[in-house]
Amino acid sequence: MINANSIKKTLHYYFFNVGIIMNADETLLVFQKLAVDSQQSLDMDRHKILVGDAPNGKYFRTYNQREACDATGLSHRQIIKIIDELGIDSVDGRKFCIDINDIEKIRDYCSNYARNARGSEDKAIVIAVSNLKGGTGKTTVTTTFSTGLCSETDKKYKVLVIDLDPQGTASMYLKPNLSNDDFTVGDLLIGNYELDEKETFEDLAITSCYPTNTPDLFVMPIRPSDRNYEVLSKKRQNDAESKGEEFVVYQDLKNIIDSVSHAFDVIFLDTPPNFGALTISAHFVANSIIVPVLPSQNDRDSTSKYFDFLTEAYKVIQLLGHNGYESVNVLPTAVDIHSNAQTSIASKVRVASANNCFSVDFLESEAIKNCAEKQNTIFDQSASEYDATKQSLKNIQNSTRTLIYALEAQILQIWKKDRK
Ligand SMILES: Nc1ncnc2c1ncn2[C@@H]1O[C@H](COP(=O)(O)OP(=O)(O)OP(=O)(O)O)[C@@H](O)[C@H]1O
Ligand SMILES: [Mg+2]
C-alpha cells in the first residue's frame, strides 16, 4: 500500500544511492509524494478551521460594540437597550461580544418594514461569475459578494452559491466540513442518488443546499470526482446524436435551478476556467453575468478572447431560447491602487466596457489573501477578530461594501423593471 512513509523511504534511497536522475517509476513516486504531502497539509489546515459553532464547522462572525453599532446603524445606548429587550447575551468574559445571528435579530427587530426585498412574483437572480482565464478572482468574487450580500445589507437576501468548478475552492470556503455522505451538485447532475419514497428531485435539490456560517447564505458544493459529469455529458450527447435525438446540454443544471430558485433570491454560479458542459450550462441558466478581469496586459488579451468566445457561444445559447442577460458586469479585480500601470489598465477596461461595469473596482488587498489562508472572505470576520493589521481589513471591507451596494442596486432595479 502506498503511504507517505513508504514513498519517503523510496525517494530517500533513490536520491542518496542512485542519484537524482529519475526514471518513469521514480518520477511517478515524486508526483505521488507531492499529492500525499499537499493533501496532508490541507487536511491539517482544515482540522484547525473545523472547530467552530456554525453548521459548516466554521465560527460565526462576532462583533464588538463599535462594530455592532456600525452594522445596525444604532448608537451605543440604543444597542444596549435593544439587546436587553431581546434577551441577547452580549458579554463574553468582560467584553461586549455578539455574533452575526444576534445582528440579524437586531436588524429584524429595528426594521419598520419587511426586510425581504424580493416580491412573490420576482424571479431569482442567477449570476454566473465567469472568465475562461484561470486565477482572475472568480471564486473570490463569488464568495465575497455572496457573503457580503447577506451580512452587509439592511435588506434580507437568501443567497445560494452553486460551485460548478470541480477544483472546489468555493466549497472549501463555504462548506469545509463536506463529508462523503453529503450530496453535491455533481451527484444531482450525474443522477448519483436514489429518492426515498415520496421524496422528489426538488426535495433532494433543496436538502443539497447546506447552511454556512453566514445567516441566509447556503452552498451547493462540488467534489473533484464531479468532474466526471463532463465525460458523462459528452457521452450522453454522442448517444443522443447517434440515435438522431436532440441533446440539451444545459438541461441537468436547469433542472437544479428550477428546483431551488423559489427558495433563493440570488444564486451565484462559480464557474471553472475552462470550456465544457458546466460552463456552457452556467451561461445558459444565468440571467446575469460578472466577468472578473485582472489589470494586466496578458489578462486583458485573454479576456478579449473570452468575449469573442462569449459572442459565438451566446449565438448558440440564443438559438436554444435564452432571453438575454439582465446585466453584464466586467469587474476589474485585485486592482492595486498604488500601481499606475494597474489603475490605467483597469480604467481602459472600464472605458471599453462602458455601461457594463460597476462604479468601483474590486481592489487588491493583503487582507483578502490573509483571510483566504483560513478559507475566509473579508466579511467572515470583524476587524476585532482579525490577527493582522486591523485597518487593512477595515479598508477593504469599506471599499468592497460599495461594490455590494452597487450589486444590490442592480438586483433591486431588475425586480422593479420586471414588475412594470
Ligand atoms: N482583490 C484581491 N486582492 C488580493 N488577492 C486576491 C484578490 N482577488 C483574488 N485574489 C487572490 O488571487 C488568487 C486567485 O483568485 P481566485 O481563486 O478567486 O481566482 P479564480 O478565477 O477563481 O481561479 P480559478 O480560475 O483557478 O478558479 C487567490 O489566491 C486569491 O486569494
Ligand atoms: Mg475559482
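In this predicted model, an oxygen atom of ligand 1 sits 2.9 Å from a polar backbone atom of Gly135. Gly135 is also listed among the closest of the 18 residues that surround the ligand, together with Lys138, Thr139, Thr140 and Leu363. On the side-chain level, a polar atom of Asp165 is found 3.3 Å from an oxygen atom of the ligand. Ser365, by contrast, takes part through its backbone, with an N or O atom lying 3.1 Å from a nitrogen atom of ligand 1.

Helix packing can be followed next, starting with H15 and H16. Helix H15 spans residues 366-373 and helix H16 spans residues 390-419. Their axes are 8 Å apart and the packing angle is about 105 degrees; the two helices are therefore roughly perpendicular to each other. From H15, the residues that make the contact are Ala367, Ile368 and Cys371, and their partners in H16 are Ser392, Leu393 and Ile396. Sorted by class, this set holds 5 nonpolar residues and 1 polar residue, with no charged ones.

A second pair is formed by helix H12 (residues 277-285) and helix H13 (residues 297-319), whose axes come within 11 Å and cross at roughly 70 degrees. Because of this angle, H12 counts as roughly perpendicular to H13. The crossing of these two helices is right-handed. On the H12 side, Ile280, His283 and Phe284 are in contact, and they meet Tyr306, Leu310, Ala313 and Ile317 of H13. The contact between H12 and H13 comprises 6 nonpolar residues and 1 polar residue, and charged residues are absent from it.

What is the angle at which the axes of H4 and H5 cross? For helix H4 (residues 76-86) and helix H5 (residues 100-110), the value is roughly 95 degrees, and the axes come within 11 Å. H4 is therefore roughly perpendicular to H5. The contact of H4 with H5 has 7 nonpolar and 2 charged residues, and no polar ones.

Finally, a loop residue brings separate parts of the chain together. Tyr59 is located in the loop between helix H2 (24-49) and strand S1 (62-63). Although Tyr59 and Asn213 are 154 residues apart along the chain, their C-alpha atoms are separated by 6.4 Å. Asn213 is one of the residues that Tyr59 touches; leaving aside residues up to four places away in sequence, the others are Val51, Gly52, Asp53 and Ala54.

Note on methods. Residues are numbered from 1 along each chain as its sequence is written. Chains are lettered from A and ligands numbered from 1 in the order in which they are written. This is a predicted model: local features need pLDDT of at least 70, side-chain atom pairs count only at pLDDT 80 or more; totals for chains, interfaces and linings use all residues. Side-chain values use heavy atoms; hydrogens and water are left out. Axes are lines fitted to C-alpha atoms, for helices over the stretch in contact, and angles run from 0 to 180 degrees between N-to-C directions. Helices (H or I, at least four residues) and strands (E, at least two) are DSSP runs, numbered from the N terminus. Angles under 35 degrees count as roughly parallel, over 145 as roughly antiparallel, 65 to 115 as roughly perpendicular and the rest as oblique. A crossing is left-handed if the near helix is turned anticlockwise from the far one by less than a right angle, and right-handed if clockwise. Contact means heavy atoms within 4.5 Å. Ala, Val, Leu, Ile, Met, Phe, Trp, Tyr, Cys and Pro count as nonpolar, Asp, Glu, Lys and Arg as charged, and the others, Gly among them, as polar. A residue is near a molecule or strand if one of its heavy atoms lies within 4 Å of it. A polar contact is a pair of N or O atoms within 3.5 Å; within protein, one must be able to donate a hydrogen and the other to accept it, and residues adjacent in sequence count only if both atoms are side-chain atoms.
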